[in-house]
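Colleague: I am new to reading models. Could you take me through this one?

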Amino acid sequence: MKRQAESLSQLTEASMDRLAPAHLSEMLDSLSDGFMSIDRSWRFTYLNQTAGRYLQREREQLLGLNIWECYPDLIDSDYYRTYTQTAATGLPGRYTGYYAPLRTWFEVRSFAHDDGITVLFRDVTREQEQKEQLEFEASHDYLTGLCNRRMCMEVLSRAVIDASSSGQSPEASLAVLYIDLDNFKEVNDAFGHTSGDGLLRDFARRLSSILMPTVFAARVGGDKFVVLLIDATVGAAEACAQEVLRELAHPFDTSGRSVSLSASIGIAFLKEARDSAEVLLSRADTAMYAAKSSGRFQVRIYDDALDRGMRERLALRMDLREAFAENQFVLHFQPQIALADDAHYGAEALLRWNHSAHGLLSPYAFLDVLLASPYEETLVDWLVDSVCQQMAAWRLAGVPVRRISLNLSARQLLGPGLVDRILRIAYTHNIAPAMLDIEVTEDSLVGDIDRATLVLGALQKAGISTSLDDFGSGYSSFGYLVRMPIDTLKIDKTFVQSLAVSAKASAVIRGIIALARSLSMKTVAEGVETEAQFAELKDAGCDIIQGYLISRPLAPDAFARFLLSGQPA
């Protein structure tokens, strides 16, 4: 094409007068490119058919007219500069740009001749759109339309450089918000990836709607999003994060069902000029995990203490394999007492980690790390097997144990073949299913109520009782409570501990007990520490209590002595 253009230019410049006009016109009209000749006064002297079609004018209407008068919007454009430079220097010119009046991308090449210039041009709109689409796809997330991780890092890197070079106000700085949707995997597993993709698109639209046009947002992977704020104060960044959480509080509709989502958000500020984009994003990620560890639906700002905590969490995560291989996990048992006759009712099995370097760790130190690891499913079989093995050992020792409850997370509850696995392990140790109780929290049920109902129903049918832990601290929807086959409501300890300072706490507890009784459920009060709490709960009709007033969680041998003597060893 280039050789053709040059030859045509040479033809125009040196040979036009030697060719028959009809022959020249036929040859030029056969070109797929537009061809026009312009004299030194910028008047059209020739246009082929393609040029007329591209310019959307009859060529007879343009011949002899000044190009700048016919198309005044070209003046001072890059097309104008290309043509005038060729006319002034005699050098070929080339430019590709969008011509708005004709809504077309043109590639133009200009060549000088004795009487002016010749221009070859073609419509490259389709090629340009394809190029732009490829560039968009390379820098944007295909699902949500937000920028992707690569573009996020480019924008963040430029923002860090700009902020570092311009200096920062003590009150305002570059801020990164790292947003992670809580329990999104459960939603995906429950409703399918198509519905999950729809939720991500809906969230991205909500996120875009609440952000100012100058605020940058990106999806950096899975259910993780990043928001970049320029010159943001701590208050402004926290306000933005809270606005995101408020948007999430409105239920999403998927497959005809209403689904509630929450998020954990970490915030990091650019503090020093030497900080890189990678460091800033990593700190926001660290703060996000701290928010998730605090109970989800939280916002945390990065500080050095969080960084130390994350390093410790990473070290614990790396130790998990050794913990299972060397049987470092142990169970302690907190006794439960029936208030009707003060008899031993059972116990709650509580996990401990006898770490080789840190000693005995409570679940607060490691459970979130364990549940976020590949060992989450392994833990289910270990828990059930350890409880059943211990109950069999107590039976041989003549220790009377009526029932042991153990806690499962949402993913563990909805894991494959849960009921069959529990029954297989129980029968291996000759333990009756009725001696086992599975505790789940309210928050673990709302991701997929239908599926959770089926699993709880299957547990109940197999003779395994179920308890709803920390009742009142989560969603507390009477709708799902009526639907789900649950045997026991465990009253959250915050209500019990509030009995001494709030009359409303007593009313709430009595309401929960009345509700449970109307649904043929038992009630267990957690965190009972004083005689006054004991008396209030007994008067309210609570069935069972546990807490430090009765006993702290005990190692297996100490628990056995407690049952036999009535006193913790």
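Modeller: Start with a pairing: strand β14 (residues 343–355) runs parallel to strand β16 (residues 404–407), over 2 bridges. Strands here are DSSP runs (E, at least two residues), helices are runs of H or I of at least four, and both are numbered from the N terminus. Two strands pair if DSSP finds at least two bridges between them. This is a predicted model: local features need pLDDT of at least 70, side-chain atom pairs 80 or more, while totals for chains, interfaces and linings use all residues. Residues are numbered from 1 along each chain, and side-chain values use heavy atoms, without hydrogens and water.

Colleague: Which residue is the bridge partner of N407 in β17?

Modeller: β16 also pairs with strand β17 (residues 436–441). That pairing is parallel, over 4 bridges. In it, N407 has as its partner E439.

Colleague: Is W42 buried or exposed?

Modeller: W42 sits in the loop between β1 (34–39) and β2 (44–47). Its phi is positive, near 65°, and it is not glycine. Buried means under 20% relative accessible area, exposed over 50%, partly exposed in between (1.4 Å probe, protein chains only). W42 has 17%, so it is buried.

Colleague: And N430, buried or exposed?

Modeller: N430 lies in the loop between α17 (418–428) and β17. Its phi is also positive, about 60°. Its relative accessibility is 58%, so N430 is exposed.
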